[in-house]
Amino acid sequence: MDCTKCSYKGCRTSDPCSDQSESYLAQYSRTDIQARTQAASQLIDNGRAGSLTRLEEIIEYCALHDDDRVGVAYCYGLEKEAELLRERLVSAGIRPIMVSCTVDGIWESQIDPGKSCETVSCNPLGQANRLNASGVGLTILMGLCLGHDILLQKHLKMDFTTFVVKDRVTGHHPLIGLPGIRSREDRFLKNQTVRLNILTKSELLAMREDSLLSGGLYLLDIRASWEADGDDWPGAIRCPLSELPDRVEDLLPAHSKDIVLFGDDRLETGFAVMYLAMKDYPSVKVFQA
């Protein structure tokens, strides 16, 4: 069976090319499966698909199941990220059980006769043992090595879901390994215009006047405060470029609005345009102050 080669796609309407549904439809009526099916539906129905990050989905899924304790099986190489995940879960009212892949401190030579070096080994069976004993109803997998993740999943006695897949080459974005799939920075350069969309003063004033009626414009001043003294634009948001990554979602919550950047340095404004484009802000213009 190879559904990717099917040109008919009847299974997406009411005329599938094969139908074995009677063998499993009855299972969907089971209480445990209904709970998971309905929770999954609530995450994507009514236009919600694409509105939540994976982490937000996990947190809401836990709330729907009244899971206030979850396990996290993480790779020690992602311990800093695991600490951030722990903080986010705690802030959502969830008590995480954090279990590193090096739990119990066994040596590689103890579990793999082909190795002689005295290096602490990843221990997915130990992780599974600790998590099974903790009584959690859900475990989150975070960056385990291929093979170790399979062993863990085979031995966990509760539901589990994956938050991070380890891919050191692509910065843990394994889809980029597929031919034809481009990173955000690649897509930006591929689709860039020949020149920055630079506004004249009269164009800026006209856009600002229109926005007073529609509320559809952000004025973002990325100059350092000492550069911009005495040359402010009323209503502009002051945020030096170096602070933008930490503040962008709070300062510019609506991705549908036009953005006008104020800056003295063409290189800095270019960086800001690229950054905002990769953050999925579709319309960014520049006014050279």
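At what angle do helix H1 and helix H2 pack, and how far apart are their axes? I first noted that this is a predicted model, where local features need pLDDT of at least 70, side-chain atom pairs count only at pLDDT 80 or more, and totals for chains, interfaces and linings use all residues. Residues are numbered from 1 along each chain as its sequence is written, and side-chain values use heavy atoms, with hydrogens and water left out.

**Entry 1, the helices.** I found that H1 (residues 31-44) and H2 (residues 54-64) pack at an angle of about 135°, with their axes 10 Å apart; helices are DSSP runs of H or I with at least four residues, and strands are runs of E with at least two. Axes are lines fitted to C-alpha atoms, for helices over the stretch in contact, and angles run from 0 to 180 degrees between N-to-C directions. I then looked up which residues are in contact (heavy atoms within 4.5 Å): Arg-36, Ala-39, Gln-42 and Leu-43 in H1 meet Glu-57, Glu-60, Tyr-61 and Leu-64 in H2.

**Entry 2, a sheet.** I read off an open sheet of 4 strands, in the order E2-E1-E3-E4 with parallel pairing, where two strands pair if DSSP finds at least two bridges between them. Strand E2 (95-100) and strand E4 (159-164) stand at the edges with a single partner strand each, so one side of each lacks a neighbour in the sheet. Strand E1 (residues 69-74) pairs with E2 in the parallel sense over 6 bridges, and Val-72 stands opposite Met-98 in E2.
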